[in-house]
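Here is a short briefing for a first look. Please keep the sequence and the structure in view while reading.

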Amino acid sequence: MADKPRIKLPKEAKKGEIIQIKTLVSHLMESGQRKDAQGKPIPRKIINKFACEFNGKPVFSCVLEPAISANPYIQFDAKVDEEGTFKFAWTDDDGSVVAAEEKIALKV
């Protein structure tokens, strides 16, 4: 479906700190409204869901619609109370999933 997603977040944070997380995944995001050279509709193929968890707990999720741009960029904030792993998942119309993980440590 897509290349390895790009994720930007700090490698460490203070306990209780709110951090900014930026993600970008490469994907054509075909809306299903265009036609090919023969005039046939090009099937819809978009990332329709994004979700982020931290240590197994939901942090952020959203449903994406056909009007979203190619290579969707998503930015959100999260509060870090412990060290752990952020898990990210982008789900395509066909059910395929691009997943990634990033760890964060607590500053001493």
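A nonpolar core is a set of buried Ala, Val, Leu, Ile, Met, Phe, Trp, Tyr and Cys residues joined through side-chain atoms within 4.5 Å. The model shown here is predicted. Its largest nonpolar core has 23 residues.

**The core**

- Within the largest core, the residues with the most contacts are Leu9, Ile19, Ile21, Phe86, Phe88, Trp90 and Ile104.
- At least two residues of this core come from each of strand 3 (17-24), strand 4, strand 6, strand 7 and strand 8.
- What does Ile21 touch, leaving aside its neighbours within four places in sequence? Ile21 is in contact with Lys8, Leu9, Ile74, Gln75, Phe76, Ala78, Phe86 and Phe88.

- Strand 4 and strand 7 (residues 84-92) run antiparallel. Seven bridges join them.
- Phe54 has Phe86 of strand 7 standing opposite.

**Asn48 in strand 4**

- Asn48 is part of strand 4, which covers residues 47-54.
- Is Asn48 buried or exposed? Its relative accessibility is 15%, so Asn48 counts as buried; the limit for buried is under 20%.
- Leaving aside neighbours within four places in sequence, Asn48 is in contact with Cys62, Val63, Leu64, Thr91, Asp92 and Asp93.
- Asn48 and Glu65 are 17 residues apart along the chain, yet 6.2 Å separates their C-alpha atoms.

**Aromatic rings**

- Eight aromatic pairs turn up in a search of the whole structure.
- One of these pairs, Phe60 with Phe76, is stacked. The ring centres are 4.6 Å apart, with 5° between the planes.
- This pair links distant parts of the chain. Phe60 belongs to strand 5 and Phe76 to strand 6 (residues 73-80), 16 residues apart.
- Phe60 is partly exposed, at 27% relative accessibility. Phe76 is buried, at 6%.
- One aromatic cluster is formed by Phe50, Phe54, Phe60, Phe76, Phe86, Phe88 and Trp90.

**Salt bridges**

- How many salt bridges does a search of the whole structure find? The search finds six.
- One is between the side chains of Lys11 and Glu102, at 3.5 Å from N to O.
- Lys11 lies in the loop between strand 1 (6-8) and strand 2, while Glu102 lies in strand 8 (residues 97-106), so this pair ties together parts that are 91 residues apart in sequence.
- Lys11 is exposed, with a relative accessible area of 60%. Glu102 is partly exposed, at 23%.
- Lys87 and Glu101 also meet through their side chains in a salt bridge, at 3.8 Å from N to O.
- That pair links distant parts of the chain: Lys87 is in strand 7 and Glu101 in strand 8, 14 residues apart.
- Both partners are partly exposed: Lys87 has a relative accessible area of 42%, and Glu101 has 48%.
- Glu30 and Arg34 form a salt bridge too, with their closest N and O atoms 2.7 Å apart. Glu30 counts as buried, at 12% relative accessibility.
- A network of salt bridges links Lys45, Asp92 and Asp94.

**Cysteines**

- A disulfide is a covalent bond between the sulfur atoms of two cysteines.
- How many disulfides does the structure hold? The number is zero.
- The cut-off for a disulfide is within 2.5 Å.
- Seen from Cys62, the closest cysteine sulfur is that of Cys52, again too far for a bond at 11 Å.
- Cys52 is buried, with a relative accessibility of 1%.

How values were computed:
Residues numbered from 1 in each chain as written. Predicted model: local features only at pLDDT ≥ 70, side-chain atom pairs only at ≥ 80, totals over all residues. Heavy atoms only, no water. Helix = DSSP H or I, 4+ residues; strand = E, 2+ residues; numbered from the N terminus. Buried < 20%, exposed > 50% of the residue type's maximum accessible area, 1.4 Å probe, protein only. Contact = heavy atoms within 4.5 Å. Pairing = 2+ DSSP bridges. Phe/Tyr/Trp six-rings, centres within 6.5 Å; stacked < 30°, edge-to-face > 60°. Salt bridge = Lys/Arg side-chain N within 4 Å of Asp/Glu carboxyl O.
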